[in-house]
Amino acid sequence: MLKGINITKRFGGVTALRNVSFSVNAGELVGLIGPNGSGKSTLFSVISGFFPPDDGAVVFEGRDITGYPSHAVARLGIARTFQIVRPFTGMTVVENVRVGALYGRGERNVAAADRRARELIEFVGLGQHADTLARNLTLAEKKRLEIARALSIQPRLLLLDEVFAGLNPAEVRGAIDLIARIRREFGVTIIMVEHVLKALMETCERVIVLSYGEKIAEGAPAEIAADPHVISVYLGKAYAAG
Amino acid sequence: MWRVLSGSFALPTPDVMLGIGLALVCAAVPLATPSAYALSFLFTVFMYGALAGSWNIIGGYAGYLSFGHAAFFGLGAYTTALLLFYFGWSPFLTLPLAGAVAALFAALVGYPCLRLRGPYFSLVTLILGLAMYSLALNLPFTQGSTGLFLPFLKVDVYTSHIIFYEIMLALLVIVTAVLRQITHTKMGVGLAAIREDEDAAGTLGVDATRLKLQAFMLSAFLTGLVGGVYSYYKSYLDPSFVFATSISITIVLMALFGGRLTWYGPLVGAVTLSVVNEVLTTQAPPQTARIVFGALLIGVIMFLPDGLMSIAQRLLPTLVMRRAQHPAARDETAL
């Protein structure tokens, strides 16, 4: 469904991504991990059209979308959330979600978009806050809003950027449940960047590991957790040897 | 552009009824044979209301603060004036051209300018207004600072005042209707998203480049129409007034003062500031108007960043909510 071919992205002298290739099949839930600065969010930005790669290609459902602007990528059905949440703070929750319902791949008029938005808000568990200004939500609620907003464009591929970060254990549990429900009800393919490894290990079928902009490992969560290279990247060589 | 503007028209809501009522009352004012002074003052109020409203499409809804709208106003004014001066074509017939010329100019400059954000966009538009002024001053066919003297309407002065009064009122109604309609359509939703966070809007499928350009062109078109009527009304045209930076800035201040997030805010701002200005310039000692004007603006910007209308918006929902919450509050005490 999604293929990255030799993606390279440089910022000035820094190579944020070097020859990263990967592929994601329809219906999968793939985890993307790596230490800070390893290029995870950069890879999301390249896929979602925030900036084009310097080299390589992104192919989505057989179509080369390299260099497409973000609105065009969104209309093809790729949605993303932001690591640092970016709700439209001056709008209510409904107003936030109806934007994607109108401009994504869905509704034609505002009334229908509002209805769709309210369904999604109910689905992510923000029903009682539908008419609250987004700036007055808690972090956990803002993250749910980001997810509802991403779902509003009716995506086939969902890129989740650290939806668990900053949440307490109970909220993480709630978010894991929400992701499971999203897969069940929308049948959407998901790639998620995550630092909360325990959560990732129990949700993902496959994990891709980045380090310093390169892909260093890929496989089932259990294999990845046992991979000496991955352990050395995260915990240092001493742990890998032991 | 028109497709996104045409939402579904429902039964008139209270705000529409009130608007239609006010417009009808204003339209009937000439029946009371007011003084020519009163007519010309109201003409100016309507004109600034229409200008602030037109500006609000790009400046308020999209959040791109243009400080160069005099460029569109002046282009509209010169379009009808030159066609009348050289070809004898009536401005009432060539008015759409005034809007079209302004919109075309907006398309040309908007494409590069709208890539700039925040103060950079504002600065470039400010310079644009100044550039148009210089151009009009130095082109041979505009007759520079000598200006153009236009033929009068072939009716007596008082009747012509009434005609221009009604036409400007009609323009104000059109602008206000467009402004209100936008908030109920896809275009308004997209522009608000751009104002809040343009990058996030993109990830939701909003084509910001295209939508901003459409809003800028629509804003310029309406501003051009107002300019096109103005030159004929004045029957004399020179670059220093229609391309004046002070017009650009007055429009911005009126919209900000009234509240740029609502469709009626710019109109309220235009009326309030026009009246304050008129009363103080005619009744108070010289320069009082400027001092009060400045103090009002500082007050609004410091304490009501979303304009005068934000008070109304803040108060109304609180009142409604209080009523709605009342039963819930009672339940709590029962527990």
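This is a predicted model: local features need pLDDT of at least 70, side-chain atom pairs count only at pLDDT 80 or more; totals for chains, interfaces and linings use all residues.
Select strand β1 (residues 2-11) and strand β4 (residues 55-60) of chain A: five bridges join them, and the two run antiparallel. For one pair to zoom in on, pick Gly4(A), which stands opposite Val58(A) in β4(A).

**The four-stranded sheet**

β1(A) and β4(A) belong to an open sheet of four strands, in the order β2-β1-β4-β5 (chain A), with antiparallel pairing. Look at the edges next. β2 (14-24) and β5 (63-64) of chain A stand there with a single partner strand each, so one side of each has no neighbour in the sheet.

Select helix α1 (residues 40-47) of chain A. This helix lies across β1, β2 and β4 of chain A. Its direction runs at about 65° to β2(A).

**The six-stranded sheet**

Stay in chain A and move to the other sheet. This open sheet has six strands, ordered β6-β7-β8-β3-β9-β10 (chain A), and its pairing is mixed. At the edges are β6 and β10 (214-219) of chain A; each has a single partner strand, so one side of each is left without a neighbour in the sheet. From one strand to the next, the twist averages 20°.

Select strand β8 (residues 189-193) of chain A. Is it enclosed or open? Five of its five residues are buried, so β8(A) is largely enclosed by the rest of the structure. Show the side chains. In a regular strand, side chains alternate between the two faces of the sheet. Here Thr189(A), Ile191(A) and Val193(A) point one way, while Ile190(A) and Met192(A) point the other way.

Keep Val193(A) selected and look to both sides.

- Strand β3 (residues 29-33) of chain A runs parallel to β8(A), joined by four bridges. Leu32(A) stands opposite Val193(A).
- Strand β7 (residues 157-161) of chain A also pairs with β8(A) in the parallel sense, over five bridges. Asp161(A) has Val193(A) as its bridge partner.

Now trace the chain from β7(A) to β8(A). The path goes through helix α6 (residues 169-186) of chain A, and this β-α-β crossover is right-handed.

Go back to β3(A). Four bridges pair β3(A) with strand β9 (residues 206-211) of chain A, in the parallel sense. In β9(A), Val207(A) is the bridge partner of Gly31(A). Then select helix α9 (residues 228-235) of chain A, which packs on the sheet and touches β9 and β10 of chain A. The direction of α9(A) makes about 125° with that of β10(A).

**Where the chains touch**

Show both chains. Here 24 residues of chain A are in contact with 19 residues of chain B. On the chain A side, the elements giving two or more residues are α2 (70-76), β6 (78-80) and α3 (93-103) of chain A. Which element gives the most? α3(A) does, with five residues. By class, this side of chain A has 10 nonpolar, nine polar and five charged residues.

**Chain B**

Chain B has 15 helices and two strands. Its radius of gyration is 21 Å, close to the 20 Å that the globule rule gives for 335 residues, so chain B is as compact as a globular protein of that length. The C-alpha trace of chain B spans about 80 × 50 × 40 Å along its principal axes. Of its 335 residues, 42% count as buried.

Finish at helix α8 (residues 186-196) of chain B. 11 of its 11 residues are buried, so α8(B) is largely enclosed by the rest of the structure. Among them are Lys186(B), Arg195(B) and Glu196(B).

Methods: Residues are numbered from 1 along each chain as its sequence is written. Chains are lettered from A and ligands numbered from 1 in the order in which they are written. A residue is buried if 20 or more other C-beta atoms lie within 10 Å of its own, exposed if 12 or fewer, and partly exposed in between; C-beta atoms are placed from the backbone. Two strands pair if DSSP finds at least two bridges between them. A crossover is right-handed if, with the strands pointing away from the viewer, the path from the first strand over the helix to the second runs clockwise. The radius of gyration is taken over C-alpha atoms; the globule rule is 2.2 Å times the number of residues to the power 0.38. Two residues are in contact if their C-beta atoms, placed from the backbone, lie within 7 Å. Axes are lines fitted to C-alpha atoms, for helices over the stretch in contact, and angles run from 0 to 180 degrees between N-to-C directions. Ala, Val, Leu, Ile, Met, Phe, Trp, Tyr, Cys and Pro count as nonpolar, Asp, Glu, Lys and Arg as charged, and the others, Gly among them, as polar.
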